[in-house]
Amino acid sequence: MNLQLIHTTWGCSAAAWENGLLAGVTLPHDNEKEAIDTLAGYLKTSPASLSQKRSGIVDDLQQRLAEKLTGYFAGKQGAFDLPLRWPGLTPFQQRVLKVVKEIPYGQTLSYGEIARQIGCPRGARAVGGAVGANPWLLVVPCHRVLAGNRQIGGFGCGLDWKVKLLQLEKIHYKTSHLD
């Protein structure tokens, strides 16, 4: 897999490309090693299997991802319109993440709303599991998925990250049932 490192004002993100498709991307980390190790974990591979080879088509896509990520952390809106590598996810996870991918900047859906959209009205918990398998953070904006009562819910990278991303997008949420 082709490794890409992207330095933003929030830290270093790592992305992996395979045959012109984005296989995974991380949120920013304090250093490149942490970003690469996290990415390897998402992809269930070793950090050594990720290399920084260059190729024409990937260069254009890498440039677009770098621009979108640096823009996002600078507070610019915009969709991440990149080709994704879907193998490795179950059909259910794919259905869920395709809905999540379409949630616009500054807006949210609940786990239950997504479950209803994919025809599984009682599948909110299963949707949460599928969202947790997302290897393309920000590109597929799983931080925009909240609990039905607008509570923050969970986030694989930690709730501190989810709060930062929601605040960046000026998304209102509840931290408890008392809000």
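Which residues do ring pairs link into a cluster? The answer is W10, Y72, F73, F80, Y105 and W161. Before going further, a reminder that this is a predicted model.

The structure holds six aromatic pairs. Take the one formed by Y72 and Y105, which is edge-to-face, with 6.0 Å centre to centre and 75 degrees between the planes. The angle is over 60 degrees, so the pair falls in the edge-to-face class.

Are the two tyrosines buried or exposed? Y72 has a relative accessible area of 2%, so it counts as buried. Y105 is buried as well, at 14%. The cut-off for buried is under 20%, which is why both values qualify.

Staying with Y72, what does it touch once residues up to four places away in sequence are set aside? The list is F80, Y105, L138, H143, R144, L165, L168 and E169.

The charged end of K164 is over the ring of W161, 4.9 Å from the ring centre, and W161 is one of the residues in the cluster I opened with. The charged end of K98 sits over the ring of W86, at 5.0 Å from its centre.

Next, helix packing. How do the axes of helix 3 and helix 5 meet? Helix 5 covers residues 124–132, and the two axes come within 9 Å and cross at roughly 80 degrees. The helices are therefore roughly perpendicular to each other. On the helix 3 side the contact is made by F92, Q93, V96, L97 and V100, and on the helix 5 side by A126, V127, A130 and V131. By class, that contact has eight nonpolar residues, one polar and no charged.

Which residues of helix 3 are buried? They are Q93, Q94, V96, L97, V99 and V100.

Now back to the loop between helix 3 and strand 4, where G106 is placed. G106 has a relative accessible area of 32%, so it is partly exposed. Leaving aside neighbours within four places in sequence, G106 is in contact with R144, E169 and I171. R144 and E169 are also among the residues that Y72 touches. Q167, in helix 6 (residues 159–168), is 61 residues from G106 in sequence, yet the C-alpha to C-alpha distance is 9.3 Å. Q167 counts as partly exposed, at 49% relative accessibility. S51, by comparison, is 55 residues from G106 in sequence and 34 Å from it in space, C-alpha to C-alpha.

N19 has phi near 55 degrees and lies in the loop between strand 2 (11–18) and strand 3 (21–25). N19 is exposed, with a relative accessible area of 75%. R150 has phi near 70 degrees and lies in the loop between strand 5 and helix 6. At 34% relative accessibility, R150 counts as partly exposed.

Last, A40, which is found in helix 1, residues 32–43. A40 is buried, with a relative accessible area of 2%. Which residues does A40 touch, not counting those up to four places away in sequence? They are T45, S46, P47 and L50. A40 and L22 are 18 residues apart in sequence and 13 Å apart in space, C-alpha to C-alpha.

Key:
Residues numbered from 1 in each chain as written. Predicted model: local features only at pLDDT ≥ 70, side-chain atom pairs only at ≥ 80, totals over all residues. Heavy atoms only, no water. Phe/Tyr/Trp six-rings, centres within 6.5 Å; stacked < 30°, edge-to-face > 60°. Buried < 20%, exposed > 50% of the residue type's maximum accessible area, 1.4 Å probe, protein only. Lys NZ or Arg CZ within 6 Å of the ring centre and 35° of its normal. Axes fitted to C-alpha atoms, helices over the stretch in contact; angles between N-to-C directions. Helix = DSSP H or I, 4+ residues; strand = E, 2+ residues; numbered from the N terminus. Parallel < 35°, antiparallel > 145°, perpendicular 65-115°, else oblique. Contact = heavy atoms within 4.5 Å. Nonpolar A, V, L, I, M, F, W, Y, C, P; charged D, E, K, R; others polar.
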